[in-house]
Amino acid sequence: MKLVRLASPRSASRRNLLAILALTLAVLTAALSGIVGYAGVASAEALRSLAASPGGGGYFRVAVPAADDAHRSAAESVFAELGLDRGLQISSAEFSPPLPLVPSGGSATNLPADLTFLPVGWTPTTTPAAGSLDRFTAASGSGAELSEPLPAALAAAKAESLGLEVGDTFAVEGADSTVRLELVATLDSPGPDAAFLDPVPLEGSEPVEGTESSAGASAVPTAVVVPPAAIARFGGEPGIQWVFTVGDAASDQLAEHATALENLPERLSDEAAFDGADVTSSGGLASVLASAAEAVQATRAVLPIPLTVLSVVGALTVVQLARLLASDLTSTFRQVVAPRTRRRASFIALAVLIVSTVVSLWQFLQHGTDNPFAETAPSLLLLAGTVLALLVMALLARASDRGAVRLTGLALPLAVRQVSRRFGSFVIPAAVVALTMASATFSAVYMQTSDRSQEAASQIGNGSDVRVTVPDSQVLDTAGDVPNLNPYAELDSVTAASLAHRGEVQLGSQTATLVAVDAAALPGLLPAGGNLINVDALSTALAYEPPVPEPALALTPSASQVRLQFSTAAISDAEDTSRRASITAWIRDEEGAVVPVPAGTLALSGAESQAHSLSFALPDGLRAGSVTAVDIALDAGKVSSGYEVELTGVASDGGIGTGQGRFAEEPTLQLAGNAFGDASAGVEPLEEGVGVRFPEKGSTEGTVRARLMVGADAGPLPVAFTSDLAAELGLAVGDPVSLASGEAEIGGTVAAVSPLLPGASDNGAVIADLQAYSAAALAASPAPPRAGEVWLASTDSDASAAAAAAVAGVGATFASADSSLLPRFITPTTTALWIGVVGALLVGATALTATVVMFVRSRRSEVAVLRMMGTQVWDLVRGRGWELLGVGGAGVVLGLLAGLGVATVTVPLLVQSVLDSSDALGVPLSVALVPLLLVLLGQLLVLAVAACLYGKRVQRQALRVGLGDVNPAGLERELV
């Protein structure tokens, strides 16, 4: 109403000011609404993308092998108690125990004889990749009404790997009879469909009692989806699985849901209905939700910044416009409120800001973004930085005033003096410019630092740009188990490649993820990872130099056959000491990978020394480097008898070092006493020569094994730990450590400690060089770990992944550093920051315009006085322009410095919270120069236009003023 009364004269100037005020409020409202609305929509979209994430990351599942209505009722009560029915989509399906394939039971041929299927009663909800689901939707009523073959659906990748196509039929052995199935559709979709097509991880998956299964039946069955009413056809007591996917969960429910899912299996087991039931869980949705919750929590400290900046800039602009609309408002205020009261109110406001900032910053440094009061720290710091910039400008103006008398000309000294004496009039434009540039600088630093840190963290967590997992056993059984690295390394856009192994090790009572990769390749695999961790130092700390084989063991890459020569003799006078010894040679290839190659069998038959020669072919494509170990497995004999087995020479068709391949006086092949545990009890090395002495004791009880190996007595394995794991175990660099993996007990040493480790997505992991770990495991266990992953650094991840898929074949899985979910939550935050900056720039332009108009109105008398004193019009124009440009330029510079200071304090902690990493992670700051320069250019352009407008208005005013425009008070002030 007051604005209406003020506009009652309906003068053109007041109507224009009202229009500007309305436009300013509209822009301010639109910007604030855009920030809040965009952040909410983007967060909801990011949550929806969780449901579509590939693999187990899109779901969480709990399953019970045998379930009834009591289990269902108890489970639903637990779900409601934990709040899982609010925001998450819950789907359930019955499943039959695994059933073996009936050979030749349908039109499908060449299916593996040990194949087992796990029927799941579920009607798919998504469009199939091939085929039709019409028979699923038509299936209704009891299972007895369904005619065979029953409709079935498989995962598209699984069907392709089995060679099954839509229309093929196959059969499984049910509890009472054979059940025929027809593949009517293949599925390649996320959500519940993907979960139900992923087999339930049942311990000791066994066929239904009473059915026959071929020896060696697969322990991991193939999930096949059938109509729910058909489950009874398969017999046995069906189990039930509940699958949780992202529904309409809000961002503030993520942490609650993540915790509830983690506790769900234990909570179900505590229910009386589940007493004795085997509750299993699978899927990675809980960890994904926890990571998303961390990201959302970290963004809550950033989102208030654009809201605060816009609110403050908008408030200052409205104040300037209101002062123009009510020209007597300032004088009335000064009459009502005494100067002492105004100063007291200013000091109180400043004290409140300082105290709030200090407390909030303390909470922020102590607790990060977990404390609600700490979320305001960046915003309050920007405001405090703006106030500090104003104080610095006031001090600079005072200091410049004392030196203005030494300046030549009139325009600049006059501008300096006016700013110094009337700095209060310039507070609003100075604050608007400084706050805008401070927020722009913070936004530029946060954007670039978070983007680069996320890229580096994603690359480090993935191990490289592209990671290929070739499924197979965890240990190395045959030469064909190791993926051939060369076809991957030769792909277009691939710049570095390495094999890698992933497993678990026991460190005392702590279980940790272990990653083994070629340490020398780490700098090439992680070009962006160096932004967060010292990759070069990590590579150097883990560097492994394999022992140089003696000439007798060296092979040429062209070798295709190898001949081993042995000498054997029984240590007994018994008549029948015949035994058999199986020989396996471990060959190191040019890349350093070690593979086993069966060499043949020795027939041992007496106390007299016998000479043996075994020739064996090397696998195709194996570019041999050397023989690194030889295994001797001596079968049980009929009578007790020890044996001496000596390796006397190695030869190959490709030529080897020194002629006959005889060993040196001090051979490098030594007995690895811990390789086979109890199976090598009593085995001793020969006193002379390269070989072993098998004991007589226990020679009739079982196979005795021995391994001759190069580097069997190598030192401890260099291992790097994550900072959190090292702190939890109380370890430091140089400390000894023992790693237990399967049958191997490997001695190691802490070579490095790093906040993050390549290929490890959690904070409890260790990493070692692949060759070093393989050698240590070969000396301490029957077989070293298998390198089942291929890491690729690429300039085009999508193209490399597609090309690698053709090389890896069916069954391989792929992970890309670009597939991280974090940017989906962080990108909206940076966008909101820039919306706030642009909004502040536009609204600030209005504030500067209002300031110019106010100066022209309020300083008309000064212009008249200065003109009467002989000041030239051009000097007046330049002086007023220097006033605005000087204050604005100082606001730009000090705003940049204030924003950089706030970013230096807060951005590293904000990024650490987003990455969910330890405080030891060093986050280097970087600046997005392009958007910052654009904002800087825009701000300077606004200042230049405002100064030009100011100058023109003053010029017009100076040419029109007369003696009647002189205010006696103004004249007295100017003369003084």
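Okay, let's start where helix α3 begins: a side-chain oxygen of Asp 68 comes to within 3.1 Å of the backbone nitrogen of Ala 70. That's a polar contact, meaning N or O atoms within 3.5 Å, where within protein one must be able to donate a hydrogen and the other to accept it, and residues adjacent in sequence count only if both atoms are side-chain atoms. Helices here are DSSP runs of H or I, at least four residues, and strands are runs of E, at least two, numbered from the N terminus.

Quick caveat: this is a predicted model, so local features need pLDDT of at least 70, side-chain atom pairs 80 or more, while totals for chains, interfaces and linings use all residues. Residues are numbered from 1 along each chain as its sequence is written, and side-chain values use heavy atoms, with hydrogens and water left out.

Back to α3. Which of its residues are buried? His 71, Ala 74, Ala 75, Val 78, Phe 79 and Leu 82, with buried meaning under 20% relative accessible area, exposed over 50%, and partly exposed in between (1.4 Å probe, protein chains only). They cover an arc of only 140° around the axis, so they sit on the same side of α3; that arc is taken from the directions from the helix axis to the C-beta atoms. On the other side, Asp 69, Glu 76 and Glu 81 are exposed.

And what do the buried ones pack against? β2 (88–95), β10 (239–246) and α7 (254–269), contact being heavy atoms within 4.5 Å. After α3 comes Gly 83, with a positive phi near 75°.

Last stop, Ser 439 in helix α14 (residues 427–462). Ser 439 counts as buried because its relative accessibility is 3%.
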